Amino acid sequence: MRDITVRIHSVMIDGKPDMHRLTGRIAFVFEGGVRSGWPVPNSEDSWEDSVTGRVFLGITHWIEFPEPLYHF
């Protein structure tokens, strides 16, 4: 086991992540849970779950991991 530091971003303050720079390092918060995924292009608050493909609305926070999630 190892400790890592993650950054929690507010969409309102920080905007959406730069997916070219942060591919694989992003998750979003929905109803208190963390889900791997990314923002839906041309949408204000919709994000797509990377596992199920389900679209979630009303996303206000996203998480930045120090390295791609598949490295963990």
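This report walks through the strands, turns, nonpolar groups and salt bridges of a predicted model.

## The sheet

An open sheet is built from 6 strands, with antiparallel pairing and the order β1-β6-β2-β3-β4-β5. The edge positions belong to β1 and β5 (55-56), each of which has a single partner strand, so one side of each is left without a neighbour in the sheet.

Two of the pairings can be followed in more detail. β2 and β3 run antiparallel and are joined by 4 bridges, and across this pairing A27 stands opposite S36 in β3. Strand β3 (residues 33-39) also runs antiparallel to strand β4 (residues 47-49), this time with 3 bridges. Here P39 has W47 of β4 standing opposite.

## Turns and positive phi values

If you check backbone torsions, two residues deserve a look. The hairpin formed by β2 and β3 has 2 residues between the strands, and E31 in the turn has a positive phi of about 50 degrees. E31 is a residue other than glycine, and its place is the loop between β2 (26-30) and β3. With a relative accessibility of 75%, E31 counts as exposed, because the cut-off for that class is over 50%.

The other residue is N42, in the loop between β3 and β4. Its phi is near 60 degrees, again a positive value in a residue other than glycine. N42 is exposed as well, with a relative accessible area of 85%.

How do they compare in accessibility? S10 has a relative accessible area of 15% and is buried, whereas I8 counts as exposed at 60% relative accessibility. The cut-offs explain the two labels, because buried means under 20% and exposed means over 50%.

The surroundings of S10 can be listed too: not counting residues up to four places away in sequence, S10 touches G15, T60 and H61. I8, for its part, contributes to a nonpolar surface patch of about 360 Å², together with I4, V6 and F72.

## The nonpolar core

In soluble globular proteins, nonpolar side chains tend to be buried together. In this model, the largest nonpolar core has 8 residues: V11, L22, I26, F28, W47, F56, I59 and W62.

Leaving aside neighbours within four places in sequence, V11 is in contact with I59, T60, H61 and W62.

## Salt bridges

How many salt bridges does a search of the whole structure find? There are 3. One of them is between the side chains of E67 and R2, at 3.5 Å from N to O. E67 lies in the segment after β6 (61-64) and R2 in the segment before β1, so this pair ties together parts that are 65 residues apart in sequence. Both partners are partly exposed: the relative accessible area is 23% for E67 and 47% for R2.

E64 forms a salt bridge with R25, and their closest N and O atoms are 3.1 Å apart. With E64 in strand β6 and R25 in the loop between α2 (19-22) and β2, the pair ties together parts that are 39 residues apart in sequence. E64 is buried, with a relative accessible area of 8%, and R25 counts as buried at 16% relative accessibility.

R35 and D49 also meet through their side chains, in a salt bridge of 2.8 Å from N to O. This pair links R35 in strand β3 with D49 in strand β4, distant parts of the chain that are 14 residues apart. R35 counts as partly exposed at 28% relative accessibility, while D49 is buried, with a relative accessible area of 4%.

Methods:
Residues are numbered from 1 along each chain as its sequence is written. This is a predicted model: local features need pLDDT of at least 70, side-chain atom pairs count only at pLDDT 80 or more; totals for chains, interfaces and linings use all residues. Side-chain values use heavy atoms; hydrogens and water are left out. Buried means under 20% relative accessible area, exposed over 50%, partly exposed in between (1.4 Å probe, protein chains only). Contact means heavy atoms within 4.5 Å. Two strands pair if DSSP finds at least two bridges between them. Patches are made of residues with over 30% relative accessible area and no salt bridge: like charges are joined within 9 Å, nonpolar side chains (Val, Leu, Ile, Met, Phe, Trp, Tyr) within 5 Å. Accessible areas come from the Shrake-Rupley method with a 1.4 Å probe; for residues, only the protein chains shown count as cover. A salt bridge is a side-chain nitrogen of Lys or Arg within 4 Å of a carboxyl oxygen of Asp or Glu. A nonpolar core is a set of buried Ala, Val, Leu, Ile, Met, Phe, Trp, Tyr and Cys residues joined through side-chain atoms within 4.5 Å.
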